[in-house]
Amino acid sequence: YTVFDAAGSFQETIHSGASTAALADPGLDVRMLYGHESSALMPLARTGARTALTLSETPQGLNVAALVDPTTTVGHDLCSALANGNVTQMSIGFLIDPAGDAWSGSDANGLPNVRNITSIAEILDVSAVAYPASPTTSIGLAEEDLSGIPTPWGGGPSTTDPDGTNGPNSSGNFPGGGIGDGTGSRKLDLDLDLLRLKRHRD
């Protein structure tokens, strides 16, 4: 895909397996955001949190699944935007390994114009965006309703409070498997290629 920056444009390719090392980091701590915004908006999900975020490497790129709380303003707005098709793509912020990329080629100004990325050192965030750098990314709502389905944080069906409307139980889990709105969290199925949050030619 083509990346545009202050110096013009260049072709960038992120190769299969580029995120393998970053995903294997035991300290992996990634937030899901909207528009890479972390100061004005609360995170939508986070690895290891109750609003679970999971990432995995596939031959097509980085695959992401998230449980988003629709009772929050940002969560509700994102679910609505995904449902009506106003938001359909993603971006990801990451740091590249010092030896993880290579430049080649030359543009009219003598600058290299082809970049191949083979190793990512750290994944900072995954974000739903209105204007992605790459047209190959996608994001959408899963079809299934997760109400009553056991979740990574231990929630599950309850005979006395099946919807979780009475709040968390003594273990801090919502029996309905959701975040407490009685419907369960919405699951986002995401499929995206890796993009750089900040682009510059080194």
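I will start with the overall fold, then take the core, then the sheets.

Keep in mind that this is a predicted model. The protein has 202 residues, and 41% of them count as buried. Two helices and twelve strands make up its secondary structure. In sequence order the pattern reads β-β-α-β-β-β-β-α-β-β-β-β-β-β. On contacts: taking pairs of residues at least 6 apart in sequence, 68% of the contacts join residues at least 24 apart. The exposed surface comes to about 10000 Å², with carbon and sulfur atoms supplying 52% of it.

Now the core. Which residues have the most contacts inside the largest nonpolar core? That core has 29 residues, and the ones to look for are M32, L53, L55, I123 and V126. Of the elements, α2 gives the most, with five residues.

Take L55 as an example. Leaving aside residues up to four places away in sequence, L55 touches L23, V30, T47, L62, N63, V64, I123 and V126. Two of those partners, I123 and V126, are also on the list of core residues with the most contacts.

Next, the sheets. There is an open sheet of four strands, in the order β4-β3-β10-β7, with mixed pairing. Why is one side of β4 (45-46) and of β7 left without a neighbour in the sheet? Both strands stand at the edges and each has a single partner strand, so one side of each has no neighbour there. For β7, the pairing with β10 is antiparallel and runs over eight bridges. Within that pair, I92 stands opposite V126 of β10.

What joins β1 to β2? A hairpin does, through two residues. Strand β1 (residues 2-5) and strand β2 (residues 8-14) run antiparallel, joined by four bridges. T2, for instance, has Q11 in β2 as its bridge partner. β2 also pairs with strand β9 (residues 114-117), in the parallel sense and over four bridges. There Q11 turns up again, standing opposite V114 in β9. So much for the pairing; I can take questions now.

How values were computed:
Residues are numbered from 1 along each chain as its sequence is written. This is a predicted model: local features need pLDDT of at least 70, side-chain atom pairs count only at pLDDT 80 or more; totals for chains, interfaces and linings use all residues. Side-chain values use heavy atoms; hydrogens and water are left out. Buried means under 20% relative accessible area, exposed over 50%, partly exposed in between (1.4 Å probe, protein chains only). Contact means heavy atoms within 4.5 Å. Accessible areas come from the Shrake-Rupley method with a 1.4 Å probe; for residues, only the protein chains shown count as cover. A nonpolar core is a set of buried Ala, Val, Leu, Ile, Met, Phe, Trp, Tyr and Cys residues joined through side-chain atoms within 4.5 Å. Two strands pair if DSSP finds at least two bridges between them.
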